[in-house]
Amino acid sequence: MCGLAGFLDSGGGRDAHAAAVILERMAGTIVSRGPDDAGVWADGSGIGLAHRRLSILDLSAAGHQPMTGPSGRHVIVFNGEIYNHLDLRRELEQSGLAPGWRGHSDTETLLAGFAAWGIRATVERCIGMFAFAVWDTQARVLTLGRDRLGEKPLYYGWQGAGDEACFLFGSELQALRAHPRCAADVDRDALCLLMRYNYIPAPHSIYRGISKLPAGCLLTVSLDRREPRIEAYWSLAEVAVAGSRAPFAGSDQEAADALEDLLKSAVRQQMLADVPLGAFLSGGIDSSTVVALMQVQSARPVKTFSIGFHEQDYNEAEHAQAVARHLGTEHTELYVTPEQALDVIPRLPDLYSEPFADSSQIPTFLVAQLARRHVTVALSGDAGDELFAGYGRYLHNSRRWNRFARVPHGLRRLAAAGIRTLSPEAWNAVLGPLRPVLPGPLRSALAGEKMHRGARMLSAGRIDDLYLESITRWEPADVVIGGREPPTCLRGRPLPLEGLDDIQRLMVLDTVSYLPDDILAKVDRAAMGVSLEGRMPFQDHRVVEFAWRLPQSMKLRGGTTKWILRQVLYRHVPRELIERPKMGFSVPVDHWLRGPLRDWAESLLDESRLRREGFLRPEPIRRMWAEHVSGRHNGQYPLWGVLMFQAWLERTRERGASGAGLEG
């Protein structure tokens, strides 16, 4: 696991020393991603590559990057792990295409594959998580690549104009920001996405002109052809549709056997490391399955880690302890005080590079910090919910849609239009005097906002629209000044999902947006913030492809989620240790905002401050804040999105960003 950065400068005449200084500055912003080694490379023609290394495989100098291929044609900076790289080496050797190996790193394997098979054909053979930049010294073409599910991040974009334009790329935004050409202008359109989702989905970033490379894609660019060309080498939507058309035809027993074999293989490959290794354990289905399959394949107790909270509604540590005791792992737990959790909050803007507002980022960082005291690599159970229909919201939205669909769409749209004849503020004024006799949800000072939310649900034309509304934090047009919301797969840019049922559609939508841009971003930044490599066996694309071939009845059965995965787990862990309501991984932010975080939040949400900064409309935010503080409404999710943007904006100014760069 590492960090990378670089540029392709159309000026082209920058001397080697000046290029090295800039590259070192860019890499210096991401030291936590790679504290063990550093390197830069530039050839004087405008291309520069920088790398920070966290040594996991081949701890010797043979793993140093930037790395040049045996023929000298390709130069690469690589972040991630290719779990099957030894198999690729054997394939190269058997076909007589292997070079004389200098070491045993997967980066060297990649370069040999590029020379023998080409870049795309090599990537298609890879099982792993990765982001890379490779320069072809003959064709003078730069290629960026990202893994199939989006575990590892990669930002890119042109900055500057004309002869001064420079193509920047890197693992985190601060690496790009360190280049003198990076304008760092806030993109108000991306801010709209943040307000809706509490994260910014790819390909957008918080900065204008800077994008995220989508998962499963390769990008090529050159000074002769400046418009980046992006091609997908793998598509989750295509995998899902193909799986539904050619479903697994075996019995429940055969399905469980096949799934266990695949998961065992994924876990075994991801346990390969030349440094200490362990796992996160919450005691839930996903992490317990990963740890059980690690332990059954390990000659010694696996190191497992969990954190607990003294607030019982948020504490899973007791369940994790019971699973660890049954499996015989070497378990470490830490009960976190509110003070320890709150101490993380000032670090969040730096950890996440751009504003990010999933409050489980706090416990995720704490458990990564705990694990890093003992290991350098930790496996986790992330992505099990998206693959095996684990989220309760899937069933909830499906049932709600079935009720809505009984009413003709035209009638629902007519009713919604009637509600929208009054603005939220007008509804608040109309309903205010009637609060004592209104139903509970309409007694709030936010009744108008709830009326309009209900109208949007009524006018939904498909389950995707209903689902979007159920996960929306703010309606962007109501709160962002001067922004225009870009289309996403949930709104305005639908995916081709023919043949999938309603719940399968929601699972795909989560897997291509919520999973990479929220869950995986959260884990990557938290782990990399403490120089810990996180690995996720459920993200092995062989597991993903098999899961999408399983009939939906093997995932949801009789109201039980993850049915087939539970059958695998129960072979290793007693049912009674697992069967309990799903808790999630969260902290009591709603209580903290009314208590120890109140002054901090009040400062960031100050009306005059919001007006002066000019990004967000203060009126709806102040109404939401007042209702939350009073205890009449829990607004933690929308408020956390605003607070994380405000905290990021404040930290960006502290780092000395130009005023123009913040104006957006």
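This is a predicted model: local features need pLDDT of at least 70, side-chain atom pairs count only at pLDDT 80 or more; totals for chains, interfaces and linings use all residues.
Residues are numbered from 1 along each chain as its sequence is written, and side-chain values use heavy atoms, with hydrogens and water left out.

Let's start with the overall shape. The C-alpha trace of the protein chain spans about 80 × 60 × 50 Å along its principal axes. A compact globule of 664 residues would have a radius of gyration near 26 Å, and the 25 Å of the protein chain agrees with that. Here the radius is taken over C-alpha atoms, and the globule rule is 2.2 Å times the number of residues to the power 0.38. The secondary structure comes to 29 helices and 17 strands; helices (H or I, at least four residues) and strands (E, at least two) are DSSP runs, numbered from the N terminus. Of the 664 residues, 59% count as buried, meaning under 20% relative accessible area, with exposed over 50% and partly exposed in between (1.4 Å probe, protein chains only). Among contacts (heavy atoms within 4.5 Å) between residues at least 6 apart in sequence, 73% join residues at least 24 apart.

Gly328 follows H10 and has a positive phi, near 80°.

Now to the salt bridges, where a side-chain nitrogen of Lys or Arg lies within 4 Å of a carboxyl oxygen of Asp or Glu. The structure holds 46 of them. One joins Glu260 and Arg571 at 2.6 Å, N to O. Glu260 lies in helix H8 (residues 252-270) and Arg571 in the loop between helix H23 (563-569) and helix H24 (589-594), so this pair ties together parts that are 311 residues apart in sequence. Glu260 is buried at 8% relative accessibility, whereas Arg571 is partly exposed at 36%.

Another salt bridge links Arg462 and Asp464 (3.8 Å, N to O). Arg462 is partly exposed at 26% relative accessibility, and Asp464 is buried at 2%. Glu607 and Arg611 also meet in a salt bridge, at 2.9 Å, N to O. Both lie in helix H26 (residues 607-613), four residues apart, about one turn of the helix. An α-helix has 3.6 residues a turn, so residues three or four places apart point the same way. Glu607 is partly exposed at 36% relative accessibility, as is Arg611 at 45%. Elsewhere, salt bridges that share partners join Arg196, Arg456, Glu469, Glu475, Glu485 and Arg491 into one network.

Our last stop is Cys489, in the loop between helix H20 (476-479) and helix H21 (502-528). Cys489 has a relative accessible area of 8% and is therefore buried. Leaving aside neighbours within four places in sequence, Cys489 is in contact with Pro494, Leu495, Leu509, Val512 and Ser513. Val512 sits 23 residues from Cys489 along the chain, with 8.4 Å separating their C-alpha atoms.
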